[in-house]
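The structure is shown first, and my entries follow.

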Amino acid sequence: MESQEQFTDTLSYFGTCLSMLCGGTTSLFATYGSSFSEILGFTQYETNMVASLGDYAHYMSAPLFGYLSSRLGPTRIIQAAGVLMLCGYLGLSYAFQYLDAPKPPQHQSHYVASMSLLFALVGMGSKAAYMSSMATTASNFKHSRYSGIALGIPLSLYGLSTFVFSSIKARWFERDSTPARYLKFMAVISAAAHLLAACFVVLRDTSQLAVAGAARRRAQSATKPIDAQQQFSDPLSAASSSETIEMTETRRRRMTITNSNDELPTIGEDAAGKRRNSLGNVATVPPIMPLASANNEVPAPAIREPPIFHRFRKDPTAWALLLGLICFSGPGLAFVNNCGTMVRAMSHTSTLSEEQIGQYKDKIVATQSFFSFASRLGIGYFSDVWRTRLRLPRSGLLVASAFLMIYAQTRAAQIVHLDELYPLAVLIGVSMGSVFTLAPTITSETWGANNFGICWGIITLGPAVGGHICNLIFGFSWDEGLLRISSRMGPETPQDRILCDNGCFVPAFVTTTKISILSLFFFTAVLLMPRILALCNYRWHL
């Protein structure tokens, strides 16, 4: 029976890993994002609007899917993830296949809204798979001392997803003139993988496991003989036990023996069914009090805790973590969503062909994804060692990741050559992967694995807000730079001859560098908040 449960748990864990591997594909937007302007005639601001609204749907649906995962179970949510991603990718494929010409300005806003809605479906499906898989893993491994690595493996596969599918695109779909066939492939593979994973994912009933463990311990203790001489070998324990028995017996005799000289009224019922004593008065029966313990103490009534949402909302640690993720993930997502556009801007001074430029974009995206995967996997194990062996808080690693993000944004603001994008992708991948492994683990340990779905769903609203702000900053900076170049070249210059360079996006990264500095402040607050609250409570009690 135990081996069968272990086999079921193993299949469930592999199911969550499969769902995460095929669910983290929203970052693939960088591989086909430039097609919105090249094929559909979108401006860079409109293209970033599509990416931002997709990120909003991706992150803001997290509380909903976290709540539904705890109510309906992971199976239905993973199935819904497959359906949402199927509809979103098929719709995008249809748009690139049949709407392959720039539209009149009066109809352009409708196409921007439609593409935003379709990409939002992809983002919602990705977050549904993420929240159901992570809530299941956090609940199944909440009593394990290696909860960090247990959460780190699915999270690393979620980061590896972009690497896998961007490599597939570079291998088999790069010669296509439009991304329609590739998006159709993503629709089929996403739906099939999530429907297959839903067949194996199981949420364990930890209460039954605890009862079974207690019964097993009682059975083992019952088989051991108890020596009567050793039971009260300690004279203090023997004296206290005999005193307890004597007090109990005295109290029992005092309650049962009545005084024959006292006249106690007899109690009976009248025709109306009311209980009356021998004097004709209505008998009042005192309420039953709880049994007293051996030292004559009445147990205190249980204090009902407020709902998790109200406790979470009033916790300053939650606000510090939320604001830190806003200022950290926004600059990172600005690079992740626009690195393909940056490749095209930096390639104008090179001798690369169109096919080579496309492959270069896929390699940059794959590099960022691979190092995000490696950092998620490595930081999961290292944070366990950091916490259990070194006795240090995991939030200290958040501060180190913030320093890494600040350095990456500083290098992005000083980029000159195309080859500098590779080390920049490595830095962004490592920092983003580390934080998105540490933050859910800290959430699970701080507010409980049972509340993980709701709490982490609220905190992940931070990347939605930060990504939207920084994406719009990048789009505005790009369009402003393009406008400056076109005014410098003159109005008679054809639009296809006006090409942006690094001057179109460097001002955006100057701004995002300042935003990432704020994340260092908030993550430091997360690190110091337990000590600050403990000090405040100590002074309050004084």
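**Entry 1: Gly-324**

Is Gly-324 buried or exposed? I worked on a predicted model throughout. For Gly-324 I read a relative accessible area of 0%. Buried means under 20%, so Gly-324 is buried. I placed Gly-324 in helix 14.

I then looked up its contacts, leaving out residues up to four places away in sequence. Gly-324 touches Ser-519, Phe-522 and Phe-523. I also checked Val-526, which lies 202 residues from Gly-324 in sequence. The C-alpha atoms of Gly-324 and Val-526 are 8.7 Å apart in space.

**Entry 2: Gln-409**

My next position was Gln-409, which I found in helix 16, residues 395–412. Its relative accessible area is 1%, and Gln-409 is therefore buried as well, the limit being under 20%.

Which residues does Gln-409 touch, not counting those up to four places away in sequence? I listed Pro-331, Gly-332, Ile-428, Phe-509, Thr-512, Thr-513 and Ser-516.

**Entry 3: the largest cavity**

I turned to a search of the whole structure for cavities of 30 Å³ or more, and the search finds 3. The largest cavity has a volume of about 340 Å³. Its lining consists of 21 residues, of which Ser-27, Tyr-59, Tyr-158, Leu-333 and Arg-376 are the closest to the cavity centre.

I noted which elements give two or more residues to this lining: helix 4 (44–60), helix 7 (105–140), helix 8 (147–173), helix 14 (316–346), helix 15 (354–388) and helix 17 (421–447). Helix 15 supplies the largest share, 4 residues. Sorting the lining of the largest cavity by class, I recorded 7 nonpolar, 11 polar and 3 charged residues.

**Entry 4: the second largest cavity**

What is the volume of the second largest cavity? I read about 50 Å³. I found the second largest cavity lined by Phe-29, Ala-30, Gly-33, Ser-34, Gln-44, Thr-47, Asn-48, Asn-337, Asn-338, Gly-340 and Thr-341. Helix 2 (29–32), helix 4 and helix 14 are the elements that give two or more residues to this lining.

Which helix gives the most to the lining of the second largest cavity? Helix 14 does, with 4 residues. By class, I counted 2 nonpolar and 9 polar residues in the lining of the second largest cavity, and no charged residues.

**Entry 5: cross-reference**

I marked helix 14 for a return visit. Helix 14 holds the buried Gly-324, gives two or more residues to the lining of the largest cavity, and gives the most to the lining of the second largest cavity.

Terms used: Residues are numbered from 1 along each chain as its sequence is written. This is a predicted model: local features need pLDDT of at least 70, side-chain atom pairs count only at pLDDT 80 or more; totals for chains, interfaces and linings use all residues. Side-chain values use heavy atoms; hydrogens and water are left out. On a 1 Å grid over the protein atoms alone, a cavity is a set of points where a 1.4 Å probe fits but cannot get out, and a pocket is an open set with protein on both sides within 12 Å along at least five of seven lines; lining residues have an atom within 4 Å of a point. Grid points are joined across faces, edges and corners, and a volume is the space filled by probe spheres set on the points. Ala, Val, Leu, Ile, Met, Phe, Trp, Tyr, Cys and Pro count as nonpolar, Asp, Glu, Lys and Arg as charged, and the others, Gly among them, as polar. Buried means under 20% relative accessible area, exposed over 50%, partly exposed in between (1.4 Å probe, protein chains only). Contact means heavy atoms within 4.5 Å.
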